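My entries follow in the order I made them.

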Amino acid sequence: MDGNDENPCTAAASQAGYVLSNVAEVVERILTFVPTKSLLRTACVCRLWRNCARRVLRTQQRVAWVSATGCGSDKGHVLHRKLAEELENMYLLPQTVLLMADCGTINGQDCCYSQKKGGNHEATVRKTDSSELALELNALFPRDCEILGIATSGVVLTPNGPCPSAPQEHQDGEAGFVLMFPSMDGVTVRPFHFCKRSLSQATLEEAGLVGNPDLRVVLLFEYEVFRSRSARFLNKVLEPLAQSNALIAGGHVESVFTHSRECCGRGSYGMAGLALSGARVQGASVLLEQDVVSEKSAEAAVQRLKAANLPERNTLGLMFACLGRGHEYYGGKRNVEADAFRKVFPNTPLFGFFGNGEIGCDRIVTGSYTLTDTDTDSLQHAYTTVMVLVHLG
């Protein structure tokens, strides 16, 4: 053999190396199959790979979720363990995270979260001796990711899978979910958190709840609602929103934890939520009132959401139900309202909670909507369920 002849394997490797170092189209195609955590590492290889990785990240604009049920351990809530595993294979870069989990595990009498100066979380020790969930979440997600955590009396979730599985209502036991919102063209997801000391016209404007013509959907979660003056506090937020054309939905939860604002302290009332703005955001909601007491009437009520004619892609279902509903309300039959949603919207995942009061009404918000004003009284309910669809372009 001529000493100048090149080994075929060496030649092939050389050609592959040239392609991976110079042909952006090929590199970008390959990187679409790489999970986001690994993608961020590959961006450090060279300038070409960094630019390709950025373009791939911009295409990942669908909301993702992780949900979990079962028994936790001394190492933490079952959701945290599942989340740590799933994030290794996730194909998006979260910008905003909404977490909901059962209050019996997250912050029952033996565990509550409060906010300390400097943005760190503090938790009392649980009987299960779990680690601090808030701090663990901060470690799992990107440094600039906004995290809103909600503890509720019950959880509604859709199990993970390639296609949306049947949603489940969990009124007891350990359960939770995380919704992850990436950066999306034409969509702004802005978390907010007010307490009695921080609520003002200026903070409402800063959150995008007032003076924002692009506001489309507001998700509200009030906590410590039985405290004196908490009703007046809620009305201060609802009054300007009721005069807008935005869809308003949510309810009363056990507690909230965030890492972006100081809290008034344990036992103080307050409100947190998400403001969704942008021309591509659409929404619809219906109220299942106290006369909805059977599977048939529940399905008929959810069917009203069809009038919005929202696209299925990148659409979430949300369910905010009274703690007094659920299986006992329907004569011992479980999952009635979640199953009704599944029948009408089989390809849309459903998430939410059971709480101590509901916020919402029948409303449709689309690109060419015309809506009448709503007063604050018609937004607040008891022994009802608010079903919501939110489309994010």
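I started with Phe 320, which is buried because its relative accessible area is 1%; buried means under 20% relative accessible area, exposed over 50%, and partly exposed in between, with a 1.4 Å probe and protein chains only. The model is predicted, so local features need pLDDT of at least 70 and side-chain atom pairs count only at pLDDT 80 or more, while totals for chains, interfaces and linings use all residues. Residues are numbered from 1 along each chain as its sequence is written, and side-chain values use heavy atoms, with hydrogens and water left out.

Next I looked up aromatic pairs. Rings of Phe, Tyr and Trp (its six-membered ring) pair if their centres lie within 6.5 Å; planes under 30 degrees apart count as stacked, over 60 as edge-to-face and the rest as tilted. I noted 9 aromatic pairs by this rule. Phe 221 and Phe 320 are edge-to-face, because their ring centres are 6.0 Å apart and their planes stand at 75°. Phe 221 belongs to strand β10 and Phe 320 to strand β15 (residues 315-322), so the pair ties together parts 99 residues apart in sequence. Strands (E, at least two residues) and helices (H or I, at least four) are DSSP runs, numbered from the N terminus. Phe 221 has 0% relative accessibility and so counts as buried.

I then checked Tyr 329 and Tyr 330, an edge-to-face pair with 5.4 Å from centre to centre and 75° between the planes. Tyr 329 is partly exposed at 21% relative accessible area, and Tyr 330 is buried at 10%. I also noted one aromatic cluster, formed by Trp 65, Phe 177 and Phe 351.

Which strand holds Leu 220? I found Leu 220 in β10, residues 215-223. Leu 220 counts as buried, since its relative accessibility is 0%. Leaving out residues up to four places away in sequence, its contacts (heavy atoms within 4.5 Å) include Val 237, Leu 238 and Leu 241. Ala 275 is 55 residues from Leu 220 in sequence, with 8.7 Å between their C-alpha atoms.

I recorded a kink of about 25° at Lys 236, shortly before the proline Pro 240. The bend is the angle between axes fitted to the seven residues ending at a residue and the seven starting there.
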